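Hi,

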Amino acid sequence: MDVYLLPAAMRELPPPWHDLTYRRSQALEALAPAEERREQARHVLRACLPDRRQSVHDWDEERRDFYDDRDDHTLDEADAWLTRIMPTTSQVTRERMVQVVGAWADMGIPTVPERPTEQWVDRVAAEWAASVRQVLAYEAFAFIERATTAGLLSDGEAEDAALLAAAFVRVGVAVEAAVRLLVSLGRPRGEQALMELVHDDEVRDFRPYVRSRLLGLRRRVYDVRAREVPRDEEPLLPEGLQGLPHSWQNDFGWGATAPDSHSLAQARSALEACLTVERVPDDAQMCSDAPADCSAIAEVVRALMPYPRLVTRERMNEAWRECQSLGFEFRGIDAGRFAKVWCIRIVDRVTAAVFRWLADLPQGGGAAGDKEPAVLSATALWAADLAERCVRCGNAVQEAIWFLHRTDDVPGSREVLARLAFDPSLPVTTRNAAQEWSP
């Protein structure tokens with residue numbers, strides 16, 4: 001007796017949802033998201049929701065890895081056999097999967113064993129059943145999202161849709177489509193569901209993606225706060241940095257700022273101010289979910305404090321609390337240490353931006369087309385000293401050394417590079433960089 005691979009609820013789906021061919025997508029695009037159709041889409045989701053987390057499609061990845069970048073239609077033809085033999089959900093059976101495997105063997109698909117074992121067929125059949133769930137759920141979420149965007153969902157429908165979307169994220173099926181629906185639901189319902197998901201251990205490897213979409217919803221809150229003028233707030237950066245007009249959104253870049261007496265004085269003041277900020281020991285650096293996720297923390301800090309004048313104790317505390325609400329777990333770091341770490345990271349970025357700008361300044365009397373322009377000699381004298389001090393404290397090392405290289409026609413810069421290149425107290429990487437750019 002043949003064995004069904006899908007539960008009864010999926011086998012009995014109404015048209016066009018039962019159709020596994022390309023015609024289903026075409027029919028759904030033509031359907032207006034009326035109330036009855038929306039309820040039907042939620043019924044599809046309830047039917048497709050597995051009771052446990054789904055596996056990765058290993059067999060499919062193996063097949064696609066083999067055919068990667070090959071200019072033929074073998075994969076399309078192999079996929080077509082699945083829906084040719086199993087065109088509807090009620091026809092997804094083990095016996096029909098055996099027929100598909102036979103067709104693949106005749107095609108010479110290299111990942112199909114010469115004599116497929118029962119276990120191999122069972123694994124491929126389970127993966128195909130999971131794929132069907134994924135595709136149908138994806139299109140059901142997309143259908144509901146279309147209705148959400150049009151403002152058609154009632155409060156009850158929105159609540160039901162949010163619960164279903166969160167459930168699919170937890171089992172790892174149609175995750176992107178489910179999260180997109182939650183984003184379209186907006187605040188507060190979609191945002192609250194996403195907040196709960198980033199704290200849920202079941203979400204696991206999908207947490208960074210869920211968090212990234214949640215950050216998009218929270219962006220409006222950050223932007224409103226960033227527009228507020230600090231009143232009775234405690235500044236955390238030195239006075240020499242608070243007047244800088246350059247934004248973190250542009251990496252504090254100075255762009256086409258003209259090298260006049262005012263801007264050069266401002267650059268010098270900024271570098272001197274950066275050197276006064278206390279460095280946090282390496283063993284006190286921040287730890288969280290994963291190193292890659294530090295970019296999400298940076299996004300929160302940057303959005304709340306896009307300019308140095310906005311870096312205050314109060315806003316750093318807000319950023320720390322916000323990161324905790326986004327599911328970050330800081331080990332051995334409180335709000336005070338969080339503020340110190342990010343003040344240093346901001347200072348490092350500001351320092352790097354100043355040295356990049358100084359390195360690109362043309363000589364006062366030089367032609368605009370000079371191949372290797374140097375900064376004004378007078379500027380290079382004080383800037384070289386500040387560059388050495390920054391390198392020795394580990395602040396924007398690469399940019400400071402690059403500035404010294406760009407101005408190595410000035411004796412002061414050459415001397416600093418020579419000292420840095422052979423100072424045994426400096427890290428090997430720093431000495432190597434200085435040696436690479438020494439004249």
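Helices in these notes are DSSP runs of H or I with at least four residues, and strands are runs of E with at least two, both numbered from the N terminus. This is a predicted model, where local features need pLDDT of at least 70, side-chain atom pairs count only at pLDDT 80 or more, and totals for chains, interfaces and linings use all residues. Residues are numbered from 1 along each chain as its sequence is written, and side-chain values use heavy atoms, with hydrogens and water left out.

Let me start with the backbone. Pro15 and Pro16 are joined by a cis peptide bond with omega at about 0°, and Pro16 lies in the loop between α1 (8-11) and α2 (22-30). A cis bond also runs from Arg187 to Pro188, with omega near 5°; Pro188 belongs to the loop between α9 (175-185) and α10 (189-198).

Positive phi values turn up too. Ala174, in the loop between α8 (155-171) and α9, is not a glycine, yet its phi is near 50°. Asp251, another residue other than glycine, has phi near 55° and is placed in the loop between α12 (239-242) and α13 (261-274). Are these residues buried or exposed? For burial I use relative accessible area with a 1.4 Å probe and protein chains only: buried is under 20%, exposed is over 50%, and partly exposed is in between. Ala174 is buried at 3%, whereas Asp251 is partly exposed at 28%.

On to the cysteines. How many disulfides are there? A disulfide here is a pair of cysteine sulfur atoms within 2.5 Å, and the count by this rule is zero. For Cys274, the closest cysteine sulfur is that of Cys390, 7.0 Å away, so this is too far for a bond. Cys274 is buried, at 2% relative accessible area, and Cys343 is buried at 5%.

Finally, a helix pair. α3 (residues 35-48) packs with α8 at an angle of about 25°, their axes lying 11 Å apart. Axes are lines fitted to C-alpha atoms, for helices over the stretch in contact, and angles run from 0 to 180 degrees between N-to-C directions. The two helices are therefore roughly parallel (an angle under 35 degrees). Contact (heavy atoms within 4.5 Å) involves Arg38, Arg42, Leu45, Arg46 and Cys48 of α3, and Glu157, Asp160, Ala161, Leu164 and Phe168 of α8.

Cheers

Terms used:
Angles under 35 degrees count as roughly parallel, over 145 as roughly antiparallel, 65 to 115 as roughly perpendicular and the rest as oblique.
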